[in-house]
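Please look through the sequence and the model below before reading on. The paragraphs that follow go from the overall fold to single residues.

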Amino acid sequence: MIAMVFVFTAGILLASYAFILSFLVKKCHFPWENIWFIYTLVGLCIYPWVMALSFIPVETVLSLLSPSVLIRAIAFGFLFGLGNTLYGFVVPIIGVSTAAAINPSIVLSIGAIAPLALADPKMFLTIKGFSIAACVLVLLLSLVITYLASLRREGEQSLSQNQGKAISGQISFRLGLIFCVISGVFAAQQNIGFYLSKDINHLVEIQSVPTYAISYLAWALSMTGSTIASLTIAGFLLLRNKTSPVFLNLYEHLRLRGQRDGIKYDPPKNPKTTLYLMSALMGICQTSAFILYGMGSDLLGELGPSVGFAIFCGTAILTNQLIGFAQGDWNNTSNTTRRMIYLSIALIISSIIALGLNSLR
């Protein structure tokens with residue numbers, strides 16, 4: 001039961017990351033690349049290594065690892081970083097509920113099935129394996145329904161005046177949907193990399209490390225790869241868009257941007273503090289979600305990387321759907337479009353329940 005609590009809590013934390021990002025871009029009108037730079041530096045780089053160094057004799061474990069294991073952990077993290085950055089790029093454009101349904105569904109379909117296929121393909125011939133595959137197919141069906149509902153929404157409501165301008169280099173809603181699908185394919189490599197990090201976790205475990213901290217080093221190495229990908233992209237945009245001065249003078253940026261767009265932006269009180277603290281919190285929430293998922297996955301045993309991951313992603317999808325409705329993502333849409341998204345949510349809930357019951361067998 002404690003494993004399920006960890007996984008569900010992790011899913012909720014993961015959902016909060018997309019909500020904070022959307023808030024900072026769409027409500028506070030902060031440049032995406034500045035948010036992403038702070039988020040990456042704190043959440044993907046500093047925080048994971050602080051956690052690892054606090055509980056694990058990192059130098060000892062790294063000296064025992066083969067270069068191939070280290071490269072593999074960082075490489076899969078780099079692929080996740082590419083997918084995660086692309087996902088973060090489209091969230092303010094296509095909305096939290098749509099992005100957080102499409103991307104995690106793709107991540108789930110690959111990340112939940114791949115560990116089973118790598119461990120024992122014959123598992124799919126058992127009742128448990130078949131039921132897991134069936135639940136993933138239902139979740140994929142919810143993805144298709146969400147995608148179609150989002151296309152209907154695009155035709156039924158116009159994007160807000162600032163939404164398309166939230167990120168320099170505006171892209172269309174439809175292209176944002178495609179990018180979201182692509183981001184899911186890359187982001188799914190995180191769970192595959194985590195599954196393949198058993199060698200790291202084994203070496204950590206024999207160092208008499210607390211059980212809850214066994215996966216910290218694997219995540220730190222993975223997030224190092226993600227940091228390389230994320231900082232490269234954010235740094236490029238900071239140079240291209242000349243938004244580096246925003247870190248020191250955010251008021252001036254918002255004033256000049258308002259003159260350019262013909263809109264008077266009303267920044268929050270203490271905008272610089274909001275930018276730094278909320279961006280850092282965004283990264284801490286996401287990395288904490290992965291750490292908690294890792295702990296819950298270990299407690300679930302051999303099915304943790306598949307069933308646990310499916311519940312983790314499903315909870316994040318459902319939470320972000322609720323956030324999206326609260327933010328008005330589906331306002332001014334027809335009854336048919338709303339019924340479609342309600343059906344998608346119902347399929348997600350039924351799949352999470354079925355996977356949870358399956359893990360208790």
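**From the fold to its details**

Read along the sequence, the protein runs α-α-α-α-α-α-α-α-α-α-α-α-α-α, a pattern of 14 helices and zero strands, where helices (H or I, at least four residues) and strands (E, at least two) are DSSP runs numbered from the N terminus. This is a predicted model, in which local features need pLDDT of at least 70 and side-chain atom pairs count only at pLDDT 80 or more, while totals for chains, interfaces and linings use all residues. Residues are numbered from 1 along each chain as its sequence is written, and side-chain values use heavy atoms, with hydrogens and water left out.

Of the 361 residues in the protein, 56% are buried, a word that here means under 20% relative accessible area, with exposed meaning over 50% and partly exposed in between (1.4 Å probe, protein chains only). The accessible surface comes to about 15,000 Å², and carbon and sulfur atoms account for 68% of that area, as found by the Shrake-Rupley method with a 1.4 Å probe, where for residues only the protein chains shown count as cover. Among contacts (heavy atoms within 4.5 Å) between residues at least 6 apart in sequence, 84% join residues at least 24 apart.

Helix α4, which covers residues 67–94, has 28 residues and reaches 40 Å from its first C-alpha to its last. That span is close to the 40 Å expected at 1.5 Å a residue, the expected value being 1.5 Å times one less than the number of residues. Just after α4, G95 takes a positive phi of about 95 degrees.

Which side chains meet in a salt bridge? The structure holds one such bridge, defined as a side-chain nitrogen of Lys or Arg within 4 Å of a carboxyl oxygen of Asp or Glu, and it is formed by D199 and R72 at 3.9 Å, N to O. Because D199 lies in helix α9 (residues 198–205) and R72 in helix α4, the pair ties together parts that are 127 residues apart in sequence. D199 is partly exposed at 42% relative accessible area, and R72 is also partly exposed, at 30%.

On the surface, L175, I178, I182 and F186 form a nonpolar patch with about 300 Å² of accessible area together. Patches are made of residues with over 30% relative accessible area and no salt bridge, with like charges joined within 9 Å and nonpolar side chains (Val, Leu, Ile, Met, Phe, Trp, Tyr) within 5 Å. L175 is found in helix α7, residues 173–187, and counts as partly exposed at 34% relative accessibility.
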